[in-house]
Amino acid sequence: MTTESRSARVSDTDVRPVAVIVLAAGAGTRMKSRTPKILHPLGGLSMIGHALAAARALNPHHLVAVVRHQREKVAEHITAHDPEVLLADQDEVPGTGRAVECGLEALAARGISTDTGTVVVSYGDVPLLTPELLGELVSEHQAAGNAATVLTTTLEDPSGYGRVLRSGDQVVGIVEQKDADETQRQVKEINSGIYAFDAGALTEALAQVSTENAQGEKYLTDVLSLARASGRRVSALVTEDRWQVEGANDRVQLQALGAELNRRTIFAAMRAGTTIIDPATTWIDSTVTLDEDTTVLPGTQLHGKTHVSRDAVVGPDTTLRDVTVGEGAQVIRTHATGARIGPGGVVGPFSYLRPGTVLGEDAKIGAFYETKNVTVGRGSKLSHLGYAGDTTIGDYTNIGCGNITANYDGEHKHRTVIGSHVRTSSNTVFVAPVEIGDGAYTGAGAVVRKNVPPGALALSVAPQRNAEGWVQAKRPGSAAAQAADDAQKNDDAPTATD
């Protein structure tokens with residue numbers, strides 16, 4: 001599965017919008033967060049990230065984001081996501097109409113004309129809106145020669161939304177909830193707030209929009225009734241997929257959108273050739289890519305730019321972020337970030353791969369192992385209970401149980417280099433910087449402080465000294481002392497051959 005379904009570009013035969021204006025100025029106070037509402041993440045991107053990706057896929061001549069609340073933080077995030085987005089600042093005049101006007105003014109200030117063509121207006125908190133639906137809106141708008149085309153849907157409970165007022169197949173206006181009368185409130189077709197406008201009609205109408213309404217705002221919806229009054233055609237594109245026009249004003253709504261996006265991502269992956277054993281316990285970001293014939297086991301979370309190659313098996317109970325999994329690899333009960341796992345590699349269970357881990361083809365990082373900034377060569381094994389940091393390991397080397405690299409001296413990190421076909425015994429400690437030559441061995445419990453030549457055996461040997469009677473002398477009356485006494489009496493007892 002790839003993310004093409006959420007980022008497919010409008011074909012070259014379609015007429016490109018002169019501009020897409022994404023409204024991102026709201027305060028989002030109901031989110032109860034120091035983080036601006038539109039920066040809250042779901043499915044691998046922020047809400048505004050999803051919105052900008054859908055807008056960019058239309059291939060507009062210009063893409064504008066209108067900002068205000070926590071302006072610097074929002075602007076920095078938008079620029080990091082898409083450096084070519086033009087930022088426009090909304091002034092003190094409230095309302096979506098004024099926000100769009102500020103977007104047009106920002107274009108004009110750069111000498112960009114929006115007198116003709118199509119202007120699309122979208123929102124930064126509508127993360128499930130797809131490029132396909134936006135493209136359909138533009139096509140419908142242009143084919144009908146409309147002054148404005150609004151994207152709508154129908155809801156059983158339309159409370160809180162602006163109602164779409166019709167005359168036949170045309171839209172005569174949109175009335176906000178607080179301004180609607182009882183009859184209008186019974187209408188179930190609601191305004192998504194997403195539009196395609198004729199640029200000239202939009203500019204002309206915005207100049208006439210006032211703030212004389214219950215909210216004291218400059219409503220973008222007034223543009224539709226003004227266009228109708230001037231004899232221009234206004235219509236709607238109705239979508240049955242309400243999720244595409246759903247916004248998130250609080251964390252409950254954000255969770256619902258995230259769950260729906262995850263459901264769609266998982267089903268798209270399965271249709272594209274991935275086996276997902278338990279969708280209910282699997283989370284996959286929309287930015288993740290999965291090849292055909294991959295398998296995802298229960299309790300797995302795939303995030304960021306993770307890519308899983310053909311015939312690889314991931315899970316159960318595994319979390320990967322920005323990880324590349326090679327063909328035929330197995331990743332079992334593992335937490336990994338910023339790692340590359342080669343073809344045929346095996347990781348886990350209970351492994352922790354930190355950024356910079358590169359596992360070679362047919363290599364292994366086993367149970368209860370932690371790695372960081374490590375390159376492991378082809379066929380090499382770090383089987384269990386160890387740590388490797390800032391290390392290069394050659395091909396077909398076996399690192400024994402309990403080995404660690406002591407790479408930090410309190411101020412600086414140092415590197416360990418271990419060659420190919422090396423065999424290290426249990427509980428070896430490599431005190432970096434140190435190099436181990438090809439074909440070398442280490443003895444059990446070795447503390448390696450000096451370079452080991454190829455083919456050498458590194459030992460840390462000290463004579464063993466037994467202090468006899470220590471337990472009885474230092475722990476008198478203890479169970480251990482009693483056991484020692486009993487053992488000594490048994491040793492001293494005469495046998496049948498005495």
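**Notebook: a cavity and a helix pair**

I sorted the lining of the largest cavity by residue class and found nine nonpolar, three polar and no charged residues, where Ala, Val, Leu, Ile, Met, Phe, Trp, Tyr, Cys and Pro count as nonpolar, Asp, Glu, Lys and Arg as charged, and the others, Gly among them, as polar. The model is predicted, so I note that local features need pLDDT of at least 70 and side-chain atom pairs pLDDT 80 or more, while totals for chains, interfaces and linings use all residues. Residues are numbered from 1 along each chain as its sequence is written, and side-chain values use heavy atoms, with hydrogens and water left out.

I counted one cavity of 30 Å³ or more, a cavity being a set of points on a 1 Å grid over the protein atoms alone where a 1.4 Å probe fits but cannot get out, with lining residues having an atom within 4 Å of a point. The largest cavity holds about 40 Å³, the volume being the space filled by probe spheres set on the points. Its lining includes Y369, L382, Y387 and F430, and strand 28 (381-393) gives the largest share, five residues.

I then looked at helix 4 (residues 96-109) and helix 7 (residues 199-206), which pack at about 120° with axes 11 Å apart; helices are DSSP runs of H or I with at least four residues, and strands runs of E with at least two. G97, V100, E101 and L104 of helix 4 meet L202, T203 and L206 of helix 7, contact meaning heavy atoms within 4.5 Å.

Definitions and conventions
1 Å grid on protein atoms, 1.4 Å probe; cavity = no way out; pocket = protein on both sides within 12 Å on 5 of 7 lines; lining within 4 Å. Axes fitted to C-alpha atoms, helices over the stretch in contact; angles between N-to-C directions.
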